[in-house]
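Please look over the sequence and the model below before reading on. The text is meant to be followed with the structure open.

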Amino acid sequence: MKTLYVSDMDGTLLDNDSRVSLRSAGIISDLSRRGILITVATARTPATVDPLMRDTYTCCPAIVMTGAALWDREKRELVDMKLLSSEAFADIRQVFAMASLDPFIYTVASPARLDVYHGLEMSPGEESFYMERSHLVLKKFHLGDCPSADETGRVILMFGIGDTDRVAGVAEALEGRGDCSVSFYPDILSPSRSLIEVFASGVSKAGAVKKLADRLGADRIVVYGDNLNDLSMMAVADEAVAVANAFPEVRAAATRVIGPNSDDAVARDIRDLTDFKSMSEFNGTKDSESMSETAPVSDDGVMGFHNDRFGDRNRPDRLLKLKFC
């Protein structure tokens, strides 16, 4: 029986510094080289997935942008992309405009790069989002520009930030449409603000996981998650595993619960399920070693978010795991 192991990233595979620890990287790399099928499913784009996974070898494509595409790590290109139609994009843009929201518009410039469009005027939340990502290699921001007529057929994501009432209005206006998928969630760091993502119809982690399993010839799926957007892929998995720091709803939906993301729980569980000892175990890599302790910020500029937001889900200032784009 061939099994595909799929892990969410933030709060699940990544530690509290938003890094893949050296121990996890070593275990997963060794197992992958032995032929074990391991990958990630994340809302992140390749611009952040690529550098975060740079020390972790996997032989399978990564599921990115909540399943809107796969990222072929060997060829460094997007494949199996699901794009919004030009007609849907135009209609959805009008819905945003009626709510006085200017979304970040992600278009596929090439299989290896995304172009991101937004107006010159930005709210504090939008500006913070832009500044944290403006230096990344695999995406290019165009402020004050709009996608050309040709590019409107290559839109893969529309991402909006605004006060909750306005964002909720957009989500409600788009609900029930057959030409898009919508994800709407609050920004816990700013209670009055919410976030919205719009993809092509049918985009989900669940659909992408099932399609990848078929592509790889896997007849069993094991998934790992911590947040509400992981529930869809947990529902289609043969075994759904929650980390200890997961939301209560995720733990309740899981087949079983393992240790927290801060303890290399995902990598260790896959190792135990496959009965392999990784070379990092034999070499005595310490549990506490992490990318943040031994490696500088990558050339791509990806930095860990140095806080314990996943350590205590009940803290009023905890962060609902943002879908880092």
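The paragraphs below go from the overall composition to single elements and residues.

This is a predicted model, in which local features need pLDDT of at least 70 and side-chain atom pairs count only at pLDDT 80 or more, while totals for chains, interfaces and linings use all residues. Residues are numbered from 1 along each chain as its sequence is written, and side-chain values use heavy atoms, with hydrogens and water left out.

The protein has twelve helices and 14 strands; these are DSSP runs numbered from the N terminus, with helices being H or I of at least four residues and strands E of at least two. Of its 325 residues, 57% are buried. Buried stands for under 20% relative accessible area and exposed for over 50%, with partly exposed in between (1.4 Å probe, protein chains only). Contact is taken as heavy atoms within 4.5 Å. Among contacts between residues at least 6 apart in sequence, 66% join residues at least 24 apart.

Strands count as paired if DSSP finds at least two bridges between them; β3 and β4 (residues 69-72) are joined by three. Within this pair, Ala-62 stands opposite Trp-71 of β4.

A parallel pairing is found between β7 (residues 113-118) and β8 (residues 139-143), over five bridges. Leu-114 has Lys-139 in β8 as its bridge partner. Together with helix α5 (residues 124-133), β7 and β8 make a right-handed β-α-β unit. Right-handed here describes a path from the first strand over the helix to the second that runs clockwise with the strands pointing away from the viewer.

Strand β9 covers residues 155-163 and includes Val-155. Is Val-155 buried or exposed? Its relative accessibility is 0%, so Val-155 counts as buried. Leaving aside neighbours within four places in sequence, Val-155 is in contact with Leu-83, Leu-84, Phe-89, Ile-105, Tyr-106 and Thr-107. For Val-155 and Phe-89, the separation is 66 residues in sequence and 7.4 Å in space, C-alpha to C-alpha.

In helix α6 (residues 164-174), the buried residues are Val-167, Ala-168, Val-170, Ala-171 and Leu-174. Seen down the axis of α6, these fall within an arc of 155°, so they line one face of the helix; the arc is that of the directions from the helix axis to the C-beta atoms. Asp-165 and Glu-172 are exposed on the other side of α6. Just after α6, Gly-176 takes a positive phi of about 90°.

The cysteines come last. A disulfide requires two cysteine sulfur atoms within 2.5 Å, and a search of the whole structure finds zero. Cys-60 is buried, at 3% relative accessible area, and Cys-180 is buried at 8%.
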